[in-house]
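I opened the notebook to record a few look-ups. The entries follow in the order in which I made them.

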Amino acid sequence: MTVPLMQLQAVGRRYDEAGPDALAGIDLAIARGEMVAIVGASGSGKSTLMNILGCLDRPSRGRYLVDGCDVGALDADGLARLRREHFGFVFQRYHLLTRLSALENIALPASYAGGARRLRQERAHGLLQRFGLGGLGNRRPSELSGGQQQRVSIARALMNGGRVILADEPTGALDSRSGRQVMAILHELHGAGHTVILVTHDPGLAAQAQRVIEMRDGRIVSDSGTRVSPARSACADVPPEADRGYWGEAVRGAVAALAAHRLRSALATLGISIGIAAVVAIVALGAGARKYVLDDIRSIGSNTLYVNRGGDFGDDRAAGVRTFLPGDLKALAGEPWAASATPVTMRTLRLRYRERDFNGQVYAVAADGFLSSGMALVAGRGLVHEDVSRLAQVAVIDDNTRRRVFGEGRAVLGQAVMVGGMPATVVGVVRTRDEYRPELQVWLPYTTAAARLFGQDFFDSLTVRVAADVPAALAERRLEQLLTRLHGRKDFFIFNMDRVVKQMENTTRTLTLLLSLLALIALVVGGIGVMNIMLVSVSERTHEIGIRMAVGARQSDVRRQFLIEAVLVCLIGGVIGIALAFAAGQAFSLFVSKWRMIYNWQVVALAFVCASLIGLGFGYLPARKAARMDPVQALARE
Ligand code: ADP
Ligand code: MG
């Protein structure tokens, strides 16, 4: 079957449902290799026809076939592909991207078509030379004359091959000499096998073409006719192409676009960085606070089980329980899950030293495990097994007692102090971590206390330290079983700091979460700022989007371009925000010494993820708006 290269069948175009026809029933076939001039008065529909031929626009009625394929069946990306691979546009007003150099403008269509960057550069260079623009490659369009700009735009039309050159009044804005140069180039291209379609209202230029079509009021009123026979071709199924994105170029383009509006970009970045800084700082603050609180609790020992008499705190029957006996200790010493166990019986007794009396808390304990991890021996020794077995009259005192009873600066080791009427030799001094406990504390061997002070052989309570690697809950169960068996019934209850730790963990976590939500609001406000500048950017750059689409950018290319910009703003904001948060941590440590903010890589990673998501989320709407623009309308905006 022989088919024309391009064929219009009863094509109509109406810009407005109720408005007049810009094109009214056009039937036209153009063969490969033709040079066609379209003439007609202004407003007769020439540009409308050209836009439909070049797949920038779609007919409202009728069919348009390219190589026998109905273009109406193609989606936006299909049309973009035809524009990219098939057509090359040359516009009266050049439509070059003002921020790109001549060379970059020429290479632009190839960046949407693919291929190695080096080859594309070489080809663009070759085209630059071919049209006498060597040496001008780095100039911006504003630094070129009209004729030079038009030659750049012709080179751009040829970048991807440009089998069909669509030139809409290419000489309309040029002086006659430049116009002649451009026409010479178009003739040369025709001679080289390109199909050239030219709109002009200069009858002299039209006469140079083989075929002249005259339009009036959206209709073809005369056609000098074709003399080229249609080539053999058929509509073959075109394989779908892979979306070849050039990330490097897209990122460079985004940086350039952001740099073009520094203040605006900086403000949007600031908004994001404040949000990110708030999130990071609050999470770090929460982590720091949690660590501080938990360390404090853990210093008391979360691996410690406290066994008290009775059913619970405040149980009235507790005083009657007399089953906590030395046998319990002996049994516990044989259990692998118990690192140490000590009885604790506390009484308030009189301390007397050199005629002065004090009230002290006297603890009757065993040698092992009476020092909790919050206490440190600062002088002398602790209690030893020998003290216990021999009922030694020795005492370990705390720092408070040392200061109050003996006075500052006095040697206390070896001094005798009366404890509830029993003389005891001080063998060690302990400093407790808890500076809020002003009681005077004294520790005695439990055997000594039982025999000489309390007059009872049972204990008030037991403190069992769980062995390392043993879960506290497991040890608690074992302890309960053991003591129940020994006592013959469960006449005790076990208290464990682990529960307090868990509760504290939950509380601080909830608090951090709540504060993070507040910070997230700051982040959302920042995101809205980004969306705002992106929307402004899209509407400012409508013309640019039109040009990119005209040279074959897919919707996804345009969408990606704006998304990258939004994400870039957010990532830069993220980096600044993290730096701000770290600076805040430094400042914080100047004022608060007890604890500090804790940063970890998870927080930093979270910040980056947040920033990227904000960029994608709030950049999506503007990017979609850009991608969905109508190429013809976008081009018309300047
Ligand atoms: P020419 O290129 O021959 O001067 P056009 O194709 O640009 O003519 O315009 C044909 C008709 O369609 C004119 O009446 C014009 O006002 C109208 N027209 C062109 N573009 C648009 C548009 N984007 N929206 C509405 N009307 C348009
Ligand atoms: Mg026109």
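Entry one, cysteines. I looked up Cys610 and found its sulfur 10 Å from the closest cysteine sulfur, that of Cys570, which is too far for a bond. The model is a predicted one, in which local features need pLDDT of at least 70, side-chain atom pairs count only at pLDDT 80 or more, and totals for chains, interfaces and linings use all residues. Side-chain values use heavy atoms, with hydrogens and water left out, residues are numbered from 1 along each chain as its sequence is written, and chains are lettered from A and ligands numbered from 1 in the order in which they are written.

A disulfide is a covalent bond between the sulfur atoms of two cysteines. I took as a disulfide a pair of cysteine sulfur atoms within 2.5 Å. By this rule I noted zero disulfides. Cys570 is in no disulfide, its nearest cysteine sulfur being that of Cys610 at 10 Å.

I then looked up burial, where buried means under 20% relative accessible area, exposed over 50%, and partly exposed in between (1.4 Å probe, protein chains only). Cys570 is buried at 0%, and Cys610 is buried at 16%.

Entry two, phi angles. Most residues other than glycine have a negative phi. I noted that Asp217, not a glycine, has a positive phi of about 50°. Asp217 sits in the loop between strand E9 (211–216) and strand E10 (219–223); helices (H or I, at least four residues) and strands (E, at least two) are DSSP runs numbered from the N terminus. Asp217 is exposed, at 59% relative accessibility.

Arg354 also goes in this entry, with a positive phi near 45°. I found Arg354 in the loop between strand E12 (338–353) and E13, exposed at 55%.

Patches are made of residues with over 30% relative accessible area and no salt bridge, joining like charges within 9 Å and nonpolar side chains (Val, Leu, Ile, Met, Phe, Trp, Tyr) within 5 Å. A salt bridge is a side-chain nitrogen of Lys or Arg within 4 Å of a carboxyl oxygen of Asp or Glu. Areas come from the Shrake-Rupley method with a 1.4 Å probe, and for residues only the protein chains shown count as cover.

I found Arg354 again in a surface patch of positive charge, with Arg356, Arg404 and Arg410. Lys and Arg count as positive, Asp and Glu as negative, and His and the chain ends are not counted; a charge is placed at NZ of Lys, CZ of Arg, CG of Asp or CD of Glu. Arg356 lies in strand E13 (residues 356–365) and is partly exposed at 46%.

Leu511, Leu515, Leu518, Ile521 and Val525 make a nonpolar surface patch of about 480 Å². Val525 is in helix H15 (residues 497–540) and is exposed at 53%.
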